[in-house]
Protein chains: 2
Amino acid sequence: MSSSDIDTLIEMMAKLPGLGPRSARRAVLHLIRKRALLLTPLADAMQAVAATARECLNCGNVGTSDICDICHDDKRATGELCVVEDVSDLWAMERANVFKGRYHVLGGTLSALEGVGPEELSIPKLVDRVVSEEISEVILALNATVDGQTTAHYIADQLETRVKLTSLAQGVPIGGELDYLDEGTISAALNARKTI
Amino acid sequence: MSSSDIDTLIEMMAKLPGLGPRSARRAVLHLIRKRALLLTPLADAMQAVAATARECLNCGNVGTSDICDICHDDKRATGELCVVEDVSDLWAMERANVFKGRYHVLGGTLSALEGVGPEELSIPKLVDRVVSEEISEVILALNATVDGQTTAHYIADQLETRVKLTSLAQGVPIGGELDYLDEGTISAALNARKTI
């Protein structure tokens with residue numbers, strides 16, 4: 001029988017994405033067993049992030065200042081702007097460590113059903129940035145889902161007269177086996193085939 | 001690109017059981033988005049647990065005082081003592097809400113390979129408690145694994161002259177389908193069949 005403080009912590013942990021009641025109990029028990037080594041430092045780290053984390057006013061990335069490290073970094077003013085749905089997509093792009101420009105985080109996809117219009121997605125802000133930051137190329141790195149592609153089309157409509165627009169290539173993932181790929185991906189890879 | 005505080009938090013979260021780097025990133029991003037509502041309260045709850053959580057000196061349960069609520073509760077001095085491997089097993093028994101006695105948490109199973117002997121498992125303490133708390137029945141609720149059953153046999157050897165020993169029944173789980181059960185379980189359920 002756990003006491004109320006512990007129960008409260010388990011309930012809170014169980015609400016995190018990727019954790020349920022069972023894994024929250026396991027995690028909390030693990031933390032309690034190593035409380036000096038894990039629980040106190042984790043609580044401190046959370047306090048630190050809670051005190052400093054904020055969204056970048058320019059691009060929507062998450063960082064510890066009003067303007068994020070990427071927007072601050074003059075070396076990244078390459079004139080290329082990569083549009084992503086979410087901060088997690090931005091982080092995924094950064095892990096690939098290949099894009100040297102700046103980002104614009106939409107914060108989701110257009111959805112008539114859920115009442116998400118261009119205003120909610122900082123699309124007007126994107127149009128502003130294309131002009132004010134002298135952007136030469138906008139790379140639409142939206143997810144290859146129906147919603148993602150619908151949003152990409154809308155943005156393309158807004159920007160096509162102002163700037164060069166590109167999107168990520170579609171095809172066979174590195175290490176991918178044809179047998180495990182869906183028909184849509186194979187079809188896209190065949191249509192975009194390259195001479196060797 | 002996340003800043004260092006956020007990276008530290010992600011790394012710490014990724015070490016929790018049940019979370020990996022990807023789910024830790026998702027969880028931290030979720031917490032940052034709702035930092036007033038989730039992150040600060042979660043950090044506070046962790047601080048509270050870090051400050052107060054401890055193992056019960058008597059049974060090994062985790063609680064917020066030196067003697068846990070169950071050991072404190074006189075109504076639970078039924079003379080029945082349920083031996084479990086781990087605090088999570090104790091919590092599972094408590095969720096079933098059917099056992100009215102007290103517990104003894106071993107903290108693992110005997111393992112020659114990993115150098116876990118009776119001393120490491122608080123088995124001597126168990127023998128002491130059987131005498132000092134006037135226990136009439138010891139229920140061995142160890143996991144139905146090879147290690148669990150080996151440990152149960154060892155404890156039975158230590159206690160068989162002193163107290164009545166029982167173990168949890170083995171058989172078909174409630175809601176279980178025969179087609180999905182292993183041969184060992186079906187065999188155990190058949191051997192322990194009951195007249196209706």
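Predicted model: local features only at pLDDT ≥ 70, side-chain atom pairs only at ≥ 80, totals over all residues.
Housekeeping first: residues count from 1 along each chain as written, and chains are lettered from A in the order written. Local features need pLDDT of at least 70, side-chain atom pairs count only at pLDDT 80 or more, totals for interfaces use all residues, and side-chain values use heavy atoms without hydrogens or water.

**Whole interface.** I looked up contacts (heavy atoms within 4.5 Å) and got 53 residues of chain B against 52 of chain A. The two chains bury about 4,800 Å² between them, 70% of it on carbon and sulfur atoms; that is accessible area lost on being put together, with a 1.4 Å probe, summed over both parts.

**Salt bridges.** I found four across the interface, taking a Lys or Arg side-chain nitrogen within 4 Å of an Asp or Glu carboxyl oxygen. I checked B:Glu55 with A:Arg35, where the closest N and O atoms are 3.8 Å apart.

**One helix pair.** Helices here are DSSP runs of H or I, at least four residues, numbered from the N terminus; axes are fitted to C-alpha atoms over the stretch in contact, with angles from 0 to 180 degrees between N-to-C directions. Which residues of H3(A) and H1(B) meet? On H3(A) I noted A:Leu42, A:Met46 and A:Val49 among them, and on H1(B) the list includes B:Ile6, B:Leu9 and B:Met13.

Conventions:
Helix = DSSP H or I, 4+ residues; strand = E, 2+ residues; numbered from the N terminus.
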